[in-house]
Amino acid sequence: MDPVILALLIPFLGTAIGAGFVFFMKKDMPALLQKALLGFASGVMVAASVWSLLIPSMEMGPIGPTLAGLLGGFAFLLFIDHVTPHIHIGGEAEGPRSSLSRTAKLALAVTIHNFPEGMAVGVAIAGALQADFNMAAALALSLGIAIQNIPEGAIISMPLRAAGNSKGKSFLIGALSGIVEPIGGGLVLGLASAITGIMPFMLSFAAGAMLYVVVEELIPDASQGEHSNLGTVGFAIGFALMMALDVVLG
């Protein structure tokens, strides 16, 4: 398979694998396991943002575009979070009032979170095609996001099942929540020629958007209630794994 297509599809595959847990587990995901998985996902995303996006951005030239992109990514996700009705993984509703079902709001939340991950992969692939990166680095980022998506897919499908949806519907919604990632990556690739001169900005923009998700949702949900240390342990494992992937493959 073409490495570009492979890099675009790997994160979606990770989400689908995670959503498939609904066929093998009970209706409710244990709270302790969910904390550990949320922490793990946070660690992977932070390490990917630093090693695969921010450091390469800073190595391309002055710090200005990197800072502007980082803050722009945070601002973009803050705006999307504000105008889109959605439900946090932990169950708290945010955004404007809406008649949408809980399932639809949960799906919107995951779409908000997955789009910047797809953008990040698309930017990395664009950089590889322009010889600023190598394709192995883009694949490392894609694989890291896919690993992070496995617990995320399970965290989405399992509550949907617990809410009374069938296993098939819960799996389908959980899996399709990741389809926005290859779409986002493909859109960035379609604009590859236009972003050649602003690659440092685009890399840090994707990093800022991913870090917003971690700070706004994943870490708070992993830290709620008792045994928050499990989220911390998960974070450490996820961070170390993604860091090693980037060094070995990048």
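## What counts as a core

A nonpolar core here is a set of buried Ala, Val, Leu, Ile, Met, Phe, Trp, Tyr and Cys residues joined through side-chain atoms within 4.5 Å. Keep in mind that you're looking at a predicted model.

## The overall picture

The protein has 9 helices and 2 strands, and along the sequence they run α-α-α-β-β-α-α-α-α-α-α. Of its 250 residues, 51% count as buried.

Take the contacts between residues at least 6 apart in sequence: 82% of them join residues at least 24 apart.

## The largest nonpolar core

This core holds 52 residues, and Leu-53, Ile-125, Leu-141, Met-210 and Leu-218 touch the most other members. Several helices give two or more residues to it, including helix 1 (3-19), helix 2 (31-59) and helix 5 (135-162). Helix 8 gives the most, with 14 residues.

Leaving aside residues up to four places away in sequence, Leu-141 touches Ala-48, Ser-52, Leu-53, Ala-120, Val-121, Ala-124 and Met-242.

## A serine in helix 6

Is Ser-170 buried or exposed? Its relative accessibility is 0%, so Ser-170 counts as buried. You'll find Ser-170 in helix 6 (residues 167-176).

A polar atom of the Ser-170 side chain lies 2.8 Å from the backbone oxygen of Ser-166. Beyond residues up to four places away in sequence, Ser-170 touches Val-22, Ser-157, Leu-160, Arg-161 and Asn-165.

Note on methods. Residues numbered from 1 in each chain as written. Predicted model: local features only at pLDDT ≥ 70, side-chain atom pairs only at ≥ 80, totals over all residues. Heavy atoms only, no water. Helix = DSSP H or I, 4+ residues; strand = E, 2+ residues; numbered from the N terminus. Buried < 20%, exposed > 50% of the residue type's maximum accessible area, 1.4 Å probe, protein only. Contact = heavy atoms within 4.5 Å. Polar contact = N/O pair within 3.5 Å; in protein donor to acceptor, adjacent residues only side chain to side chain.
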